[in-house]
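Please look over the sequence and the structure before reading on.

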Amino acid sequence: MYLKVLFLSFFVLLAGCAGQMKKIPASAEISAFHLKEVTVNLIFNGNEIPGDTTFASQEEFAKNFEDDLVKYLKEQNIYSASSREDVAELYITLDYTRNYTHNGKALIQPYVSHNVKVYSGDSELLSFGVSNYTTKYDYFTQFAVVTQRLAYEWDQEDEPKEIDLISKTIINDLKERIDK
């Protein structure tokens with residue numbers, strides 16, 4: 001019996017530790033965030049059409065991603081266009097695998113990884129990220145997206161929706177990590 005209680009206590013302790021989210025300490029007194037560096041690694045799955053310019057280039061993709069990050073930082077009222085003492089600097093890296101269908105004219109779900117580092121001066125306040133995930137929409141939207149993908153209709157006009165969703169997810173995650 002004692003052994004069972006010990007094991008149960010151990011697993012409850014592990015579950016509690018695993019569920020804790022790293023947060024920016026309240027003592028850091030951060031009022032906003034400045035995008036210091038955004039790195040986008042656009043990766044292709046090998047089914048792209050060589051020389052095709054239908055889809056956004058690396059530069060266009062990176063600009064759209066950065067613009068969406070700024071949009072959601074502003075929406076949360078935590079954006080600063082410049083660095084100050086009460087403003088933390090964000091370094092965000094996105095690895096995005098653009099998965100073309102076998103004919104190279106439409107897209108299936110991307111594979112995504114991101115990493116966010118938050119600095120105040122030279123000190124790292126927080127680092128978090130998620131590896132190897134795909135975009136997930138709300139139930140009805142997800143059904144519509146999957147249907148479009150199966151019909152090879154999810155294309156260059158739809159990819160900005162993926163970028164927007166990823167940006168929103170990252171900024172919402174950041175906002176939850178502010179310990180106030």
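## Asp68 and its surroundings

The side chain of Asp68 comes to 3.3 Å from the backbone nitrogen of Asp164, a polar contact (a pair of N or O atoms within 3.5 Å; within protein, one must be able to donate a hydrogen and the other to accept it, and residues adjacent in sequence count only if both atoms are side-chain atoms). The model is predicted: local features need pLDDT of at least 70, side-chain atom pairs count only at pLDDT 80 or more, and totals for chains, interfaces and linings use all residues. Residues are numbered from 1 along each chain as its sequence is written, and side-chain values use heavy atoms, with hydrogens and water left out.

Asp68 belongs to helix α2. Helices (H or I, at least four residues) and strands (E, at least two) are DSSP runs, numbered from the N terminus. With a relative accessible area of 14%, Asp68 is buried; the term means under 20% relative accessible area, while exposed means over 50% and partly exposed in between (1.4 Å probe, protein chains only). Apart from neighbours within four places in sequence, Asp68 has contacts (heavy atoms within 4.5 Å) with Pro160, Ile163, Asp164 and Ser167.

## Salt bridges

A salt bridge is a side-chain nitrogen of Lys or Arg within 4 Å of a carboxyl oxygen of Asp or Glu. The structure has nine of these. Asp68 takes part in a network of them together with Lys71 and Asp164.

Arg149 and Glu162 form a salt bridge through their side chains, at 2.0 Å from N to O. This pair links distant parts of the chain, with Arg149 in helix α3 (residues 139–150) and Glu162 in helix α4 (residues 159–176), 13 residues apart. Arg149 counts as buried at 6% relative accessibility, and Glu162 counts as buried at 1%.

In the salt bridge between Asp158 and Lys161, the closest N and O atoms are 2.9 Å apart. Asp158 is buried at 7% relative accessibility, whereas Lys161 is partly exposed at 41%. Asp173 and Arg177 form a further salt bridge, with their closest N and O atoms 2.9 Å apart. Both Asp173 and Arg177 are buried.

## Pro110

Pro110 sits in the loop between β2 (87–98) and β3 (111–120). Its relative accessible area is 1%, so Pro110 is buried. Not counting residues up to four places away in sequence, Pro110 touches Tyr96, Thr97, Asn99, Tyr133, Thr134, Thr135, Arg149 and Glu162. Tyr100 is 10 residues from Pro110 in sequence, and their C-alpha atoms are 8.8 Å apart.

## Strands β1 and β2

Strand β1 (residues 32–44) pairs with β2 in the parallel sense over 12 bridges; two strands pair if DSSP finds at least two bridges between them. Leu42 has Tyr96 in β2 as its bridge partner. Together with helix α2 (residues 58–75), β1 and β2 make a left-handed β-α-β unit. A crossover is right-handed if, with the strands pointing away from the viewer, the path from the first strand over the helix to the second runs clockwise.

## The whole chain

The chain has four helices and four strands. Their order from the N terminus is α-β-α-β-β-β-α-α. The chain has 180 residues, of which 35% count as buried. Among contacts with a separation of 6 or more, 72% are between residues 24 or more positions apart.
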